[in-house]
Amino acid sequence: MRKIKLLFLALIQLSIFAISFEGRVLYIHDGDTMTIYSDFLGKKKNIRMLGIDTPEVDFNGSTQGQISLDARDYLRKLVPIGSTVVIDLGRDGDLNTRRLLGTVLYQGQDINLEMLKSGLAVPYFIEPFDKDIMYEYMAASEKVFLEEIGIYALNVQLPYEFRMSVQNRIGTNYVGDLETKILYSPEDGHMVPPYRRLFIRSFERAKQLGYKLFSK
């Protein structure tokens, strides 16, 4: 009975506070995905880094080439294999998904943010999101975009656009411009600079957020 009560209290705490736990880095697949082992979870788990998107090392047999390897290797430099990191899932984190979406913290650094500062990652936010994190990440991305660092110095597709082209399809999310509050169809999402780009799942939700549809 006491164990059940303690478990119940733990679940209440997880629902009120941000979910965070330590894990040991086992493998880094690309610039935004790693595998860790966590005593808290009692198993290995894949971590997809929140708010960033990096060039694809291998997506359905296709690759974005050297820039994808550069992103992967830079992440490996930031968090060497065997490092103990903290995974922060935020207040709305879900421990039951195949891949956990979260912020990776190592030695006091926000590693997601460091990837953006390197220019080897682009911001990637699908509503709903943490506004504080989003604006910080977007600001960092604007700086490297204007300075043409990393991926922005090359004539390559952004990772999201690359995945769509490999699958020969158009995305389903609308794209909102955070600055102008203009909403673009999935076909026209490329018109929004990466550091102002917010993905929204439906037109109705976009209207609730105050976006107005772009007219050609």
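**Helix packing, cavity and pockets in a predicted model**

Helix 2 (residues 66-78) and helix 3 (residues 111-118) pack at an angle of about 135°, with their axes 11 Å apart. The model is predicted, so local features need pLDDT of at least 70 and side-chain atom pairs count only at pLDDT 80 or more, while totals for chains, interfaces and linings use all residues. Residues are numbered from 1 along each chain as its sequence is written, and side-chain values use heavy atoms, with hydrogens and water left out. Helices (H or I, at least four residues) and strands (E, at least two) are DSSP runs, numbered from the N terminus. Axes are lines fitted to C-alpha atoms, for helices over the stretch in contact, and angles run from 0 to 180 degrees between N-to-C directions.

Helix 2 and helix 3 are therefore oblique to each other. Angles under 35 degrees count as roughly parallel, over 145 as roughly antiparallel, 65 to 115 as roughly perpendicular and the rest as oblique. The crossing of helix 2 past helix 3 is right-handed. A crossing is right-handed if the near helix is turned clockwise from the far one by less than a right angle, and left-handed if anticlockwise. On the helix 2 side, the contact (heavy atoms within 4.5 Å) is made by Ala71, Tyr74, Leu75 and Leu78. Helix 3 brings Ile111, Glu114, Met115 and Ser118. By class, six residues of this contact between helix 2 and helix 3 are nonpolar, one is polar and one is charged. Here Ala, Val, Leu, Ile, Met, Phe, Trp, Tyr, Cys and Pro count as nonpolar, Asp, Glu, Lys and Arg as charged, and the others, Gly among them, as polar.

Helix 3 also packs with helix 4. Their axes come within 8 Å and cross at roughly 20°. Helix 3 and helix 4 are therefore roughly parallel to each other. Their crossing is right-handed. Asn112, Leu113, Leu116 and Lys117 of helix 3 meet Glu136, Tyr137, Ala140, Ser141 and Val144 of helix 4. Five residues of the contact of helix 3 with helix 4 are nonpolar, two are polar and two are charged.

Two backbone features lie in loops. The peptide bond from Glu127 to Pro128 is cis, with omega near 10°. Pro128 sits in the loop between strand 8 and helix 4 (131-146). Gln107, a residue other than glycine, has a positive phi, near 50°. Its place is the loop between strand 6 and strand 7 (109-110).

On a 1 Å grid over the protein atoms alone, a cavity is a set of points where a 1.4 Å probe fits but cannot get out, and a pocket is an open set with protein on both sides within 12 Å along at least five of seven lines; lining residues have an atom within 4 Å of a point. Grid points are joined across faces, edges and corners, and a volume is the space filled by probe spheres set on the points.

The count comes to one cavity of 30 Å³ or more. The largest cavity has a volume of about 80 Å³. Its lining consists of Asp53, Val122, Pro123, Tyr124, Leu158, Pro159, Tyr160, Pro194, Arg197 and Phe199. Strand 8 gives the most, with three residues. By class, the lining of the largest cavity has eight nonpolar, no polar and two charged residues.

The largest pocket has a volume of about 1300 Å³. It is lined by 39 residues, and the closest to its centre are Arg48, Leu50, Gly51, Leu101 and Gly102. Strand 6 gives the most to this lining, with five residues. The lining of the largest pocket has 14 nonpolar, nine polar and 16 charged residues.

The second largest pocket holds about 200 Å³ of space. Of its 14 lining residues, Tyr160, Glu161, Met164, Pro186 and His190 lie nearest its centre. Helix 5 supplies the largest share of this lining, three residues. Six residues of the lining of the second largest pocket are nonpolar, four are polar and four are charged.
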